[in-house]
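I opened this notebook to record what I looked up about helix faces and helix packing.

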Amino acid sequence: MKTIKEINEKIKKGEAVVVTAEEMIKIVEEEGVKKAADYVDVVTTGTFGAMCSSGVFINFGHSDPPIKMLKIYLNNVEAYGGLAAVDAYIGAAQPNEDPDIDIDYGGAHVIEDLVRGKEVELYAEGYTTDCYPRKDVNVKITLDDVNQAIMVNPRNCYQTYPAATNSRDEKIYTYMGILLPEYNNVHYSGAGQLNPLQNDYNPETKSFNTIGIGTKIFLGGGIGYIIGEGTQHNPPFGTLMVKGDLKQMDARFIRAATMPRYGSTLYIGLGIPIPILNEKIAERCAIKDEDIEVPIYDYGTPRRDKPLIAKTNYKVLRSGKITLNVNIDGKDVEKTVKTGSVSSYKMAREVAETLKQWILDGKFLLTERVGKLGRAENKPMKSPITLVKDILSKPPITAPSNITIMEAAKILIKHNINHLPIVDEFGKLIGIITSWDIAKALAQNKKTIEEIMTRNVITAHEDEPADHVARKMSKYNISGIPVVDDYKRVVGVVTSEDISRLFGGKK
Amino acid sequence: MRKRIYYWTDSKHINKPVISDTILNTGVKINILKAKVEPQEAFLILELFGSKETIEKALNYLSKFGEVEEISKVIKRDLEKCVHCGCCITQCPINAIYMDEDYSVIFKEEECVGCKNCVKACPFKAIEIIE
């Protein structure tokens with residue numbers, strides 16, 4: 001049994017034994033928990049990944065004449081200004097106001113540029129008052145020019161993050177990177193055996209051994225502190241809220257990124273020292289990648305609750321490939337696909353190594369937490385949902401492919417519709433005819449339905465959210481989508497009129 | 001052996017089946033990696049397979065109808081920008097990108113065919129394809 005005070009005395013004298021969580025695995029394996037707990041004083045951990053829930057409070061100092069800034073832009077990225085006159089919060093995921101730049105240069109990029117000492121253009125507007133007569137201000141600033149730049153991140157350092165794959169027959173662009181069609185890759189995130197929360201976790205009590213409010217940490221290359229549990233904190237998917245001084249940070253550990261067609265985000269290096277006070281703590285610090293379960297979810301399902309495809313662990317994920325049992329087009333198949341990481345294990349190692357060096361050099365002393373992390377809570381929003389089946393006009397009007405074009409035209413007129421799904425004898429969708437196709441048939445003197453129908457039909461499922469169908473129609477620039485059941489049988493058609501009725505309020 | 005080249009066909013030869021003729025006349029195997037044919041000029045990225053002699057013959061033949069430039073390196077990565085995350089690994093259709101034992105992302109540059117999938121996937125814009 002040791003105390004943090006005793007460990008700090010050893011650090012000051014340069015006598016502390018400090019190892020990384022990776023090194024601890026080997027020590028415990030070779031020497032046993034008891035001996036490891038005896039002679040190791042501190043285990044350093046680290047993680048380096050995309051942390052969208054990050055941002056910086058900036059106080060710009062007052063201009064003369066002074067302004068009460070309300071609408072605030074840094075390099076054309078909006079910062080939240082609903083605070084006192086010259087305070088603002090710039091969030092990492094905020095896109096650029098210029099639609100051509102958009103997510104390619106967002107809040108995260110402003111933050112990285114500030115850390116790099118680059119000049120950033122501040123433009124702000126406000127309403128005038130007796131004490132703040134100025135209407136707007138436009139000035140170039142650097143990190144040195146501002147009074148404070150305090151990074152405060154509501155949710156960082158996920159203990160474990162679920163991995164992602166994609167059941168759809170098209171590529172999808174997500175915050176987990178680009179997911180290939182038909183489960184053709186699995187992307188994962190997290191430092192696993194190096195992750196700070198993982199190494200400090202007590203699974204029996206679902207609480208943390210030493211980490212808590214007030215714990216001093218490595219944040220972005222500078223010194224930071226844990227403020228408390230992060231948003232959506234829910235061990236074993238624990239999170240942290242942290243703060244740090246941007247002026248101390250190093251651009252090596254604060255890196256702006258853009259997830260293609262998703263958004264801008266900030267990659268942050270975060271490391272926490274764990275004091276080895278007893279055997280229990282030492283034992284947990286020897287946790288290995290293979291001991292950490294990681295669920296794989298299907299991101300192809302655009303719903304809050306995504307289908308669980310498999311459970312695996314970080315060791316398998318880091319091996320570069322994984323075998324999945326999946327269902328493609330109604331067939332169960334075994335598929336071995338490539339895995340790719342979204343976070344950087346190499347940089348996580350560098351964080352743990354740097355923190356270790358700081359402690360060995362006597363530059364970083366450990367703190368006693370002033371309180372435990374708060375309660376866990378991660379429940380869904382009570383938002384209403386409209387499914388395709390809620391807006392479906394029934395029964396479906398369909399036709400076989402052996403009718404004439406004249407007959408098809410008559411069906412469209414009779415039912416006052418523009419889309420006619422063509423089905424086989426079992427009611428299964430084989431194509432679609434629109435009023436445009438009929439016009440085309442006339443113009444080009446085409447004779448049969450087969451000649452003019454579209455065979456590659458974009459379809460919707462009746463249990464799909466209407467929002468998703470609206471996105472599909474806009475993406476493919478179409479005005480109607482046949483709705484099919486699990487057997488590809490047509491159960492209706494959703495048209496752009498149905499979608500606009502949703503927004504028009506006439507339900 | 002294998003050789004990758006850029007090839008610009010002269011406008012006067014644009015309507016000739018230059019690639020097929022090269023294959024038939026020299027016995028070289030050609031994989032067309034990219035082709036952009038316009039009324040004035042055609043630009044192709046070709047991968048030639050065969051013995052050293054055959055490839056030389058093919059290059060001589062191709063030179064009669066256009067300009068040949070050998071590709072030394074297709075893919076370029078800015079190591080200052082790369083954080084070795086791995087977002088690009090699964091996007092590579094020919095497995096030319098992998099993570100080594102030290103968790104560094106490695107590019108087998110000599111195998112790259114210039115498809116640009118990794119360029120589009122990189123969150124740090126650290127990858128460039130030289131054209």
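Entry 1, conventions. I worked on a predicted model, in which local features need pLDDT of at least 70, side-chain atom pairs count only at pLDDT 80 or more, and totals for chains, interfaces and linings use all residues. Residues are numbered from 1 along each chain as its sequence is written, and chains are lettered from A and ligands numbered from 1 in the order in which they are written.

I looked up the buried residues (20 or more other C-beta atoms within 10 Å of their own, C-beta atoms being placed from the backbone) of α1, residues 4–13, and found A:I7, A:N8 and A:I11. They lie on the same side of α1(A) because their arc around the axis, taken from the directions to the C-beta atoms, is only 100°. On the other side, A:K5, A:K12 and A:K13 are exposed (12 or fewer such atoms). I noted that the buried residues pack against β2 (42–44), β22 (273–275) and α7 (345–360) of chain A. Just after α1(A), A:G14 has a positive phi of about 75°.

I found that the axes of α12 (466–475) and α13 (496–504) come within 11 Å and cross at roughly 130°. I listed A:A466, A:A470 and A:M473 of α12(A) as meeting A:S496, A:I499 and A:L502 of α13(A), a contact requiring C-beta atoms, placed from the backbone, within 7 Å. By class, this contact has five nonpolar, one polar and no charged residues.

How values were computed
Helices (H or I, at least four residues) and strands (E, at least two) are DSSP runs, numbered from the N terminus. Two residues are in contact if their C-beta atoms, placed from the backbone, lie within 7 Å. Axes are lines fitted to C-alpha atoms, for helices over the stretch in contact, and angles run from 0 to 180 degrees between N-to-C directions. Ala, Val, Leu, Ile, Met, Phe, Trp, Tyr, Cys and Pro count as nonpolar, Asp, Glu, Lys and Arg as charged, and the others, Gly among them, as polar.
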